[in-house]
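Hello,

Please open the structure below and keep it in view while you read. My notes follow it.

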Amino acid sequence: MKYLVSLSLLLSLNTNALKFEIIDSCSKKPVFETIVTDSYPTVGKLSLEVLAKNNIQNLSSDYGISQLMNSPIGLDAMEILSDTLMRSHGWCYSVDGQVPELLMNELELTGHEKVVTWFMGYSTYIGNPQTGEAIWEGQCVPSNSLPVAPFPELCE
């Protein structure tokens, strides 16, 4: 409770302060959060700087983040549900609750943002064995919204 009051006070006193958080696939609560008072031109610059300053394990580039905190990547981040259905998980971000369709280095920050959230999200692949056609459904659906955690071995 004391932390929330301090966080609220800091955010209200500093209009440039923003909350940076990481939410994994196990819970809706952040596994990491901090307050950033410096200004950055893009979500990409902000994210890479916060990860570096806080020694958070990651695989990233100027364009996006592939791995945070030893999360699964590549084939390990795929859930094969059947011969025609799978989910592909990866890191997504939102700014003030909105998921932009821009790479992290493309989204410019204005200084009025309140929260940048990185979260594990997924897209669902649905194949049609009769036609051979397939679609990807959804983009950056929070992985923690699934009834069962997709990678339970990573959950406490």
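Start with helix α2. Its buried residues pack against β1 (18-23), β2 (32-36), β3 (58-60), β4 (65-68), β6 (85-95) and β7 (115-127). Buried means under 20% relative accessible area, exposed means over 50%, and partly exposed lies in between (1.4 Å probe, protein chains only). Helices (H or I, at least four residues) and strands (E, at least two) are DSSP runs, numbered from the N terminus.

A word on the source. This is a predicted model, where local features need pLDDT of at least 70 and side-chain atom pairs count only at pLDDT 80 or more, while totals for chains, interfaces and linings use all residues. Residues are numbered from 1 along each chain as its sequence is written, and side-chain values use heavy atoms, with hydrogens and water left out.

Back to α2, which covers residues 43-53. Val43, Gly44, Leu46, Ser47, Val50 and Leu51 are its buried residues. Just after α2 comes Asn55, with a positive phi of about 50°.

Now the whole chain. It has two helices and eight strands. Their order from the N terminus is α-β-β-α-β-β-β-β-β-β. Of the 156 residues, 35% count as buried.

Next, the aromatic rings. Rings of Phe, Tyr and Trp (its six-membered ring) pair if their centres lie within 6.5 Å; planes under 30 degrees apart count as stacked, over 60 as edge-to-face and the rest as tilted. The count by this rule is three pairs. Among them are Phe20 and Phe32: their centres are 6.5 Å apart and their planes at 70°, so the pair is edge-to-face. Phe20 sits in strand β1 and Phe32 in strand β2, 12 residues apart. Phe20 is buried, at 0% relative accessible area. Phe32 is buried too, at 16%. Tyr125 and Trp136 also pair edge-to-face, with centres 5.2 Å apart and planes at 65°. Tyr125 is partly exposed at 28% relative accessibility, and so is Trp136 at 48%.

Last, find Ser143, in the segment after β8 (134-142). Is Ser143 buried or exposed? At 0% relative accessibility, Ser143 counts as buried. Leaving aside neighbours within four places in sequence, Ser143 is in contact (heavy atoms within 4.5 Å) with Ser25, His89, Met120, Gly121, Tyr122 and Pro150.

Best wishes
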